[in-house]
Number of protein chains: 2
Amino acid sequence: MSRHPFDRRDFLKTAVASTAAVTVLPQAALGWSGKASGSHIETESVPGRAPYSGPPRLRFAVIGINHPHIDGQIGAVQRGGGELASVYAAEPELLAEFTKRYPGVRVARGEDEILQDGSIQLVLSSIIPDQRAPLGVRVMQHGKDYMADKPGITTLEQLAEVRRVQAQTNRIYSILYSERHENRATVRAGELAKAGAIGKVVQTIGMGPHRISLNARPPWFWVKPRFGGILCDIGSHQVDQFLYFTGSTQGEVVASQVGNFKFSQYATFEDFGDMLLRGDKGTGYIRNDWYTPDGLSTWGDGRLTILGTEGYMEVRKNNDIGRAPGGSHLYLVDQKETRYIDCSQQELPYGRLLVDDVLNRTETSMPQAHVLLATELALKAEAQATKLTFQA
Amino acid sequence: MSRHPFDRRDFLKTAVASTAAVTVLPQAALGWSGKASGSHIETESVPGRAPYSGPPRLRFAVIGINHPHIDGQIGAVQRGGGELASVYAAEPELLAEFTKRYPGVRVARGEDEILQDGSIQLVLSSIIPDQRAPLGVRVMQHGKDYMADKPGITTLEQLAEVRRVQAQTNRIYSILYSERHENRATVRAGELAKAGAIGKVVQTIGMGPHRISLNARPPWFWVKPRFGGILCDIGSHQVDQFLYFTGSTQGEVVASQVGNFKFSQYATFEDFGDMLLRGDKGTGYIRNDWYTPDGLSTWGDGRLTILGTEGYMEVRKNNDIGRAPGGSHLYLVDQKETRYIDCSQQELPYGRLLVDDVLNRTETSMPQAHVLLATELALKAEAQATKLTFQA
């Protein structure tokens with residue numbers, strides 16, 4: 001633990017490296033000091049964990065690669081000891097790019113070749129969102145576990161079918177809620193919240209802004225029946241976090257709204273949405289939009305604020321606006337002090353735990369009920385949403 | 001305009017003032033540089049405005065000083081050219097402290113002496129909240145204008161009476177929503193939003209956390225009928241900002257909730273509340289709480305996020321967590337860049353404009369309809385709020 005706020009450390013490194021004096025600055029000069037109690041900023045580093053390095057623990061395949069999130073999904077399972085064995089995608093151009101990135105992978109002639117392959121225990125997919133649930137159902141019916149990109153399910157009817165087949169087959173239907181599982185500061189915040197660092201968690205606010213990248217989007221991106229609506233598509237991330245941080249295992253949608261204020265050339269697109277949620281252990285508010293301006297250094301200034309009776313945490317997920325590039329910034333204020341927590345070494349345990357779950361038939365990466373409740377609330381919020389139309 | 005992020009500037013001042021090298025650092029070394037577009041942080045300073053210095057423009061009085069906010073109220077009118085003439089308060093001990101702070105003020109023998117004083121044009125009050133509206137009604141009925149601390153009205157019945165008498169007398173019933181009018185960064189954000197700096201404003205999020213200061217509170221603080229509930233008491237600030245920044249002149253409460261999770265020894269107190277609002281020009285979410293932990297350097301990490309179709313602003317009202325003490329921090333991200341805007345010289349025009357309004361019978365400080373609509377929505381949110389009771 002030191003008192004170097006990281007931005008000043010960066011500053012020292014990049015700006016005045018040639019000035020010897022800075023290396024002997026007293027510690028106190030580097031910390032801001034104000035009133036007596038809780039006035040300085042502690043920077044705390046989280047210890048890391050060595051990545052898995054041994055023989056492959058299982059073989060997995062990929063079916064459908066329409067969203068580049070597939071790389072994060074694969075990376076998570078590989079870090080957990082999984083071996084990428086084969087891939088199938090209907091689009092030859094996507095497949096050509098994929099095999100360049102993963103040169104050792106075998107290309108299957110069709111989905112069925114993978115589903116029939118007894119050596120494959122787990123299937124990953126970032127196929128077009130409305131096809132994720134039907135594919136997952138087929139995967140489970142073939143005795144394999146499944147991990148989808150989010151949104152993992154786009155309608156309440158699909159959800160019912162997933163629930164039915166999951167219960168019947170006892171396979172895993174996981175959804176990589178990457179804004180928690182792939183964000184080091186959010187993972188660390190979760191450990192701290194569970195350890196009681198901010199008392200009882202009363203509420204969460206999740207903001208998920210995204211850059212539209214107008215020219216980089218495939219046609220299906222703009223069509224609501226294909227992506228499920230903004231609260232389904234983006235919002236399921238924040239619903240996952242709301243449930244996880246409050247510890248809720250039940251929840252309801254108090255209110256929800258969607259609108260399309262900027263991209264009205266796409267009739268069914270939604271560029272804004274929000275929802276108010278209530279769980280059995282806390283409440284939460286979620287806001288999503290597609291307005292990230294070009295002047296931001298990253299795709300979205302994602303934030304999570306976790307309010308507890310004895311303190312609060314703020315996660316600045318993808319950048320620390322006006323301060324530093326790079327993501328995973330965690331601030332914690334408790335009854336004693338204000339801390340910046342350096343999460344750069346924090347392990348992302350989801351992939352490792354999912355491999356454990358596949359091998360051991362456990363639910364350590366995420367309870368199955370949680371995976372589906374997060375999506376259920378997002379789908380209900382979408383279905384119930386008031387359509388906003390403001391005056392110009 | 002320069003590229004010195006203020007924290008680094010502070011650092012330079014306090015830590016390496018003796019190192020001559022830092023004064024000749026190239027500009028580029030002081031800005032963070034990442035990708036080509038919009039990657040650096042501009043720090044922009046807002047020019048100031050000379051305070052009024054001339055003969056008094058009007059004489060004003062104070063009736064009721066139960067909350068120390070009265071000092072901010074007096075300061076605003078004094079900066080606008082008002083002369084504090086007289087005071088009345090029922091509590092001798094509060095009066096004794098007050099006359100120490102304002103030695104020139106005449107102490108009236110009773111409220112009526114002030115109400116009958118023809119030289120007084122404006123009355124200010126921070127009397128116990130549930131007495132503010134009845135007092136304001138009497139003030140208006142005596143032909144004077146009125147400015148209350150917030151909450152300026154604690155029930156919908158009081159509001160109806162204020163509306164009736166205000167229309168009848170054509171006097172001003174103002175409420176100092178200090179988290180906008182007394183916060184330089186929020187004032188500046190308002191100017192920028194009105195100038196179209198972030199396109200069309202779609203939504204605002206206002207977070208108003210407060211420190212409980214358990215031992216410093218008078219008995220009335222804990223009794224809901226006296227303070228009106230958390231959404232009335234604190235929330236009216238953020239409702240004001242929601243209406244102002246979206247430009248809404250109509251609004252409705254979509255949903256609201258209150259709870260008391262930490263201070264259950266006070267049966268009617270509320271330590272948490274939130275509301276979702278919809279206006280004719282935008283939507284807004286508001287969260288209030290009394291959980292500010294002792295490890296924060298100020299009474300509350302108030303935030304306002306203004307989301308526009310072409311950019312967004314974040315106001316860190318009272319401190320910049322983990323970065324610097326002091327308030328009024330404004331960040332703006334637009335299609336071009338990310339800017340930190342130094343608002344330390346920004347004028348706070350409310351008092352000056354209120355004095356104008358008293359003299360000219362105008363509504364430049366705040367439209368009368370806006371003052372009362374902000375309070376109406378807060379009161380409705382409070383009245384409709386679902387009482388939250390989570391499992392332990």
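## Surface and overall make-up

In this predicted model, chain A exposes about 14,100 Å² (Shrake-Rupley method, 1.4 Å probe), and carbon and sulfur atoms supply 52% of that area. Of the 392 residues in chain A, 63% are buried, meaning under 20% relative accessible area. Chain A holds 14 helices and 16 strands, taken as DSSP runs (H or I of at least four residues for helices, E of at least two for strands).

## Two domains and their interface

The domain assignment, which is automatic or from a database, divides chain A into domain 1 (1-45 + 179-392) and domain 2 (58-176). Their contact (heavy atoms within 4.5 Å) takes 34 residues from domain 1 and 34 residues from domain 2. Between them the two domains of chain A bury about 2,900 Å², the accessible area lost on being put together, summed over both, and 62% of it lies on carbon and sulfur atoms. On the domain 1 side, Trp220(A), Arg226(A) and Leu372(A) lose the most area to domain 2, together 21% of what that side buries.

## Charged pairs across the interface

Across this interface the rule finds 5 salt bridges, each a side-chain nitrogen of Lys or Arg within 4 Å of a carboxyl oxygen of Asp or Glu. Elsewhere in the listing of such pairs, Arg361(A) forms a salt bridge with Asp145(A), with the closest N and O atoms 2.7 Å apart. H14(A) gives 9 residues, the largest share of the side of domain 1 that touches domain 2.

## Conventions

Residues are numbered from 1 along each chain as its sequence is written, and chains are lettered from A and ligands numbered from 1 in the order in which they are written. Local features need pLDDT of at least 70, side-chain atom pairs count only at pLDDT 80 or more, and totals for chains, interfaces and linings use all residues, while side-chain values use heavy atoms, with hydrogens and water left out.

Terms used. Buried < 20%, exposed > 50% of the residue type's maximum accessible area, 1.4 Å probe, protein only. Buried area = accessible area lost by both parts, 1.4 Å probe.
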